[in-house]
Amino acid sequence: MTILLTGAAGFIGFHLARALLARGARVVGFDSVNAYYDVTLKEARLRVLAQDPGFTMVRGDLADRAAVLGLAETHPAIDRIVHLAAQAGVRHAEVNPYAYVDANLMGQVTVLELARRLERLTHVVYASSSSVYGGNTKLPYSETDPVERPFSL
Ligand SMILES: NC(=O)c1ccc[n+]([C@@H]2O[C@H](COP(=O)([O-])OP(=O)(O)OC[C@H]3O[C@@H](n4cnc5c(N)ncnc54)[C@H](O)[C@@H]3O)[C@@H](O)[C@H]2O)c1
């Protein structure tokens, strides 16, 4: 099993990568290692992952279509995608809305276009945001709740 894991330098991605590698999977990490929060933390995570021979890191931005789509040629063995790379945080969207459009909207489409090009692909999982439930007052949230009033892009 060869899993493309976007957001591998992130909080969830790092821990998921470790769990998948421990199971014997091969993991291709993809991350821009952006400076939304402390880059030294992300670099420290990548140093840990680099110690596992099953881990390969590709540094790139989801907004770079050629870099993402090129994974179909450079890593044709990918048969699963876990897409976690995203511009997270709701309040920051008011400061830098284009980062959300580039990473979360265009990036999502580009990852799905990559999926169409991977001949061995069997499964795609992606993370959304609890903010899709926006002002809902019903707790706990459920995946079947309405999402007409999201808090962020
Ligand atoms: N942590 C939570 O509590 C939580 C809750 C709900 C949803 N999520 C979702 O789970 C996913 C991962 O969350 P996290 O907490 O690990 O976030 P995180 O910010 O720690 O990790 C995201 C990673 O994506 C990378 N990234 C951002 N924009 C990129 C781009 N344009 N191209 C390539 N890489 C890019 C960042 O460098 C970072 O390493 C996100 O989609 C987030 O919205 C997280």
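Reader: Which residue in strand 2 does Leu-4 stand opposite?

Author: Leu-4 stands opposite Val-28 in strand 2. This is a predicted model.

Reader: What makes strand 1 and strand 2 a pair?

Author: At least two bridges are needed for pairing. Strand 1 and strand 2 (residues 26–31) are joined by 5 bridges. They therefore count as paired. The two strands run parallel.

Reader: What links strand 1 with strand 4?

Author: Here the count is 4 bridges, again in the parallel sense. The cut-off is at least two, so strand 1 and strand 4 (residues 80–83) pair. In strand 4, Ile-81 stands opposite Leu-4.

Reader: Why is strand 1 called largely enclosed?

Author: A residue is buried if 20 or more other C-beta atoms lie within 10 Å of its own. In strand 1 (residues 2–6), 4 of the 5 residues are buried, so the rest of the structure largely encloses the strand. Across the 153 residues of the chain, 28% count as buried.

Reader: Which elements make up the right-handed β-α-β unit?

Author: Strand 1, helix 1 (residues 11–22) and strand 2.

Reader: How many helices and strands does the chain have?

Author: It has 6 helices and 5 strands. Along the sequence the pattern is β-α-β-α-β-α-α-β-α-α-β.

Key:
Residues are numbered from 1 along each chain as its sequence is written. This is a predicted model: local features need pLDDT of at least 70, side-chain atom pairs count only at pLDDT 80 or more; totals for chains, interfaces and linings use all residues. A residue is buried if 20 or more other C-beta atoms lie within 10 Å of its own, exposed if 12 or fewer, and partly exposed in between; C-beta atoms are placed from the backbone. A crossover is right-handed if, with the strands pointing away from the viewer, the path from the first strand over the helix to the second runs clockwise.
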